[in-house]
Amino acid sequence: MEPVEVIRGDGPVVLGMPHTGTYVPADIRRCLNERGRGLSDTDWHIHDLYDGLLPGVTVVRATFHRYVIDANRDPSGASLYPGQNTTGLVPMTDFDGLDIWDTPPTEADIAARKHAFHTPYHAALEAELQRVQAAHGVTVLYDCHSIRSRIPFLFEGLLPDFNIGTNNGTTCDDKIASAVAEVCDAADGFSSVTNGRFKGGRTTRHHGRPDTGRHAIQMELAQSTYMEEMPPWTYRRDRAETIRPHLQTILTRIDQLAREGELA
């Protein structure tokens with residue numbers, strides 16, 4: 001299986017999807033324990049949730065699971081959130097802090113996975129961002145994520161529904177962050193936060209360079225907004241149809257800002 005799927009559009013917005021993939025090569029799957037083989041930390045159904053929301057959007061989606069290697073982590077292995085519980089480039093535990101391997105990967109294994117999966121994903125993303133920026137002068141990477149709303153190992157209490165990440169305002173023009181926050185704040189029945197527990201991962205921080213006309217923003221959704229947060233991780237169309245209009249408004253506003261020359 002190819003490590004990356006790309007759907008090319010002619011608009012200025014690119015959707016990154018580093019965590020929706022569920023492919024695990026057979027030799028790696030044999031090394032996972034029963035808990036690991038459950039793939040519980042998938043960003044389930046995100047590609048379905050965003051499907052059809054913005055005409056002309058480009059999508060770059062990893063097909064491999066984050067337990068193979070996490071495309072949204074620094075390839076050096078440096079922590080995104082020093083001093084806080086998190087998972088690494090190749091997670092040794094799941095989001096509950098429990099072991100997922102019978103046979104943990106070696107340094108050589110991790111290096112091979114970087115070459116086979118991590119590097120191709122970011123190369124594909126970089127190529128699409130360059131293509132889109134060449135056509136429009138600017139581009140906006142909107143990185144699509146989701147996570148269970150309650151995970152005591154990672155954060156206290158209930159996660160807000162919309163979690164906007166710009167690495168404390170460094171990865172995109174303030175107009176983008178403000179437009180996204182405005183939609184989320186006005187979404188009746190939903191909660192939101194900007195640069196709370198999730199400030200943006202490797203994708204947002206690495207590819208977001210607003211001084212060069214390349215902007216990036218991460219959206220981490222609480223999975224309770226569109227699915228069941230337990231196996232078999234069922235997509236709840238009724239819930240999805242409640243949140244999708246807000247996501248559509250977010251993407252439309254970002255697209256308009258880019259097309260109308262509102263971004264630096």
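Here are some quick notes on the cavities and pockets in this predicted model.

1. Ground rules. Local features need pLDDT of at least 70, side-chain atom pairs count only at pLDDT 80 or more, and totals for chains, interfaces and linings use all residues. Numbering runs from 1 along each chain as its sequence is written, and side-chain values use heavy atoms, with hydrogens and water left out.

2. Cavities. Searching the whole structure turns up two cavities of 30 Å³ or more (sets of points on a 1 Å grid over the protein atoms alone where a 1.4 Å probe fits but cannot get out; lining residues have an atom within 4 Å of a point). Volumes are the space filled by probe spheres set on the points, with grid points joined across faces, edges and corners.

3. The largest cavity holds about 170 Å³. Of its 21 lining residues, Arg66, Arg73, Phe95, Phe198 and Glu220 are the closest to the centre. β4 (139-147) gives the most to this lining, three residues (strands are DSSP runs of E, at least two residues, numbered from the N terminus).

4. The second largest cavity has about 30 Å³ of space. Its lining includes Ser40, Asp41, Phe95 and Arg148.

5. The largest pocket comes to about 230 Å³ (a pocket is an open set with protein on both sides within 12 Å along at least five of seven lines). Among its lining residues are Glu5, Met17, His47 and Arg61, and β1 (4-7), β2 (13-17) and β3 (58-62) each give two or more.

6. The second largest pocket is about 160 Å³. Asp27, Cys31, Pro104 and Phe117 are among the residues lining this pocket.

Terms used
Helices (H or I, at least four residues) and strands (E, at least two) are DSSP runs, numbered from the N terminus.
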